[in-house]
Amino acid sequence: MTRFLKATGYALGLPAILLTAWWFGSANSTNPFWPPLQTILETFPTTWTWDRIVGDVFPSLARLGIGFGIAVVLGVALGTAIGLSPTLRALSEPVLEFFRAIPPPVLVPIIALFAGYTGWLGKIVTIALGCLWPILLNTVEGVRGLEPVLGDTAKSYHLSPWRRLVFVILPGASPRIFAGARQSLSIGVILMVISELFGANRGLGAAIVQFQRSFAIPQMWTGVIVLGLIGVLLATVFKIVENRMLAWYVGQRQIERGV
Amino acid sequence: MHVQSLSVRMRTALGAVAAIGVLALTACSSDGGGTGSSESAEPMESETGGAMMETVDVTVGLIPILDVAPIYLGVEQGFFEEEGLNLKLELAQGGSFIIPSVSQGDYQFGFSNATSLILGTANGVGLEAVGPGASTNGTEEDMAAVLTTADSGIATAKDLEGKKVGVNALANVNTATINQMVRDDGGDPTKVTFVELPFPDIVPAIVSGDIDAGQVVEPFRTAGVNQDLVSIGSNFLAMSPTFMIAEYFTSSDYAAESPEVVAGFEAALAKSFAYATENPDEVRAIVLTYTQMDEETANAVRLPGWPTEIDAASIDLQAELAVKDGMLTDIPDLSNLK
């Protein structure tokens, strides 16, 4: 119980300090672009009504989910293939490094040229493409870094290639895959917003743009807060999924550390 | 475990910070238009016999459209230099991008549609008009148009219901006047979906089918017509034959601090307007220096009106339209914009 309280205290401590600092630091602000936190919080409930959540937040999250999902599937599939084949790896490594080094936001206008600014396609492609590289590269490393003993043992047990993939290779690489996916998720959230800033009409990023254009500055800040909250929520969900799927790995690490 | 979960939060926080950073950049962007050209006048040369006048550097935020051509001409003709001003011209996507920069003192002057200035004023941003920006030329050959493809099935404003319409910025004079066109045509403006795109991207987006229609001014109107787009009318002319779209403005703080600079800018601006009205050929030539237009397009563009005085009726009308669209609840004191 005390451990739980301590963990909660740590988790909430810094946000509480920051919010307090923001509250008092902005309390007497007369600058319309930096309204007091109190004003921002007061406009929150009237701004983020159910209609707006359905119209702007859900579509954004759906696009993020689809884009991220595509990146996971593609990244793991391609990453496994490249990780298993030294030839493929030698061929693709320079290309992968090239694509990885391109900042994903730069791609938004380029992707819009063929997928359009306004529809879902361009936005999903942007998110998927940005999320792909960390997952792909981590999968390659995870698969390549598998202990040879594991593979040899699986072979000597005459496991079929499919079973080897499902029961040996993917689980063995999963800690790295999750590390990549976690990185991708935060990139995905950024791209979700950026893809809606260009050709804005609906979505969380577009809503923030619209508030700025109409000088509804406190409302704009509430949008930024909603974004942050979504980030926290997604990270929490990700952590829960990761803890479940990597329970063996977490346990193993703890034993290794002698906890 | 603690360490791990903290690192997740850190990443999330960093992600959020990065996102906010991007938003802030967009909000204050001075380079939305992407044509990126900026000019500055030559420094004053000392004049024999006269006392050397001290020049003041001022930055002006503009949109890369034909409407702002007089200020480029004014710099070229030395009107601003005569007032002791050394102008640095910066381009942005729309007035709502420029207003924050002027308000925060990054720019001393800016060009913006009056609707954005009214919304800024209503939300506590201290702004003061220094002169008219541009108006419709008052003829059927207006320089603004709502363009669409010939086979889009959009013939009048009411047909925009349920369609995607590109505008350079959401919640500005263009959305307000298009909504009014739809209303006047017996339609429901809430059924129109507006999409924000930089002016140079609107025509390509209509041609590619990404949007159904789009509002443009010159030189993009001519470029669109050259690509077989058709106009369903000018959203400015539809308001009134003397409808004033935009204004040049400064912040209330700067107006109070440097009244001489503001007076000098106003005087040079008035000269520039008169010069532009008298020399349309020079307008056509100078537009090539800050947009990506070719000479043929520049020769075909229709010129806007450059009025000598602020049209107060247009300010009142834009305020009323802002209320109708739900962008404003009450009309604030707009005397600073008239």
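User: Two strands pair if DSSP finds at least two bridges between them. With that in hand, what is the order of the open sheet of 5 strands in chain B?
Analyst: This is a predicted model, where local features need pLDDT of at least 70, side-chain atom pairs count only at pLDDT 80 or more, and totals for chains, interfaces and linings use all residues. Residues are numbered from 1 along each chain as its sequence is written, with chains lettered from A and ligands numbered from 1 in written order. The order is S7-S6-S8-S5-S9, with mixed pairing. Strands (E, at least two residues) and helices (H or I, at least four) are DSSP runs, numbered from the N terminus.

User: Which strands stand at the edges?
Analyst: S7 (193-196) and S9 (230-231) of chain B. Each has a single partner strand, so one side of each lacks a neighbour in the sheet.

User: In which sense do S5 and S8 of chain B pair, parallel or antiparallel?
Analyst: Antiparallel, over 4 bridges, between residues 145-148 and 213-216 of chain B.

User: Which strands does helix H6 of chain B touch?
Analyst: H6 (residues 173-184) packs on S5, S6 (164-167), S7 and S8 of chain B. Its direction makes about 140° with that of S6(B). Helix H7 (residues 199-208) of chain B lies across S5, S6 and S8 of chain B, at about 150° to S8(B). Axes are fitted to C-alpha atoms, for helices over the stretch in contact, and angles run from 0 to 180 degrees between N-to-C directions.

User: New topic. How many residues has the largest nonpolar core?
Analyst: 157. A:Ile135, B:Ala69 and B:Val165 have the most contacts inside it. Helix H8 (residues 161-197) of chain A gives the most to this core, 14 residues. Such a core is a set of buried Ala, Val, Leu, Ile, Met, Phe, Trp, Tyr and Cys joined through C-beta atoms within 7 Å.

User: What is B:Val165 in contact with?
Analyst: Beyond four places in sequence, its contacts include B:Leu160, B:Ile178, B:Val192 and B:Phe194. A contact has C-beta atoms, placed from the backbone, within 7 Å.

User: And B:Phe79, buried or exposed?
Analyst: Buried, because 25 other C-beta atoms lie within 10 Å. The cut-offs within 10 Å are 20 or more for buried, 12 or fewer for exposed, partly exposed in between. B:Phe79 sits in helix H3 (residues 79-82) of chain B.

User: What is the secondary structure of chain A?
Analyst: 11 helices and 0 strands. Of its 259 residues, 38% count as buried. The C-alpha atoms of chain A fill a box of roughly 75 × 55 × 30 Å along the principal axes.

Definitions and conventions. Two residues are in contact if their C-beta atoms, placed from the backbone, lie within 7 Å.
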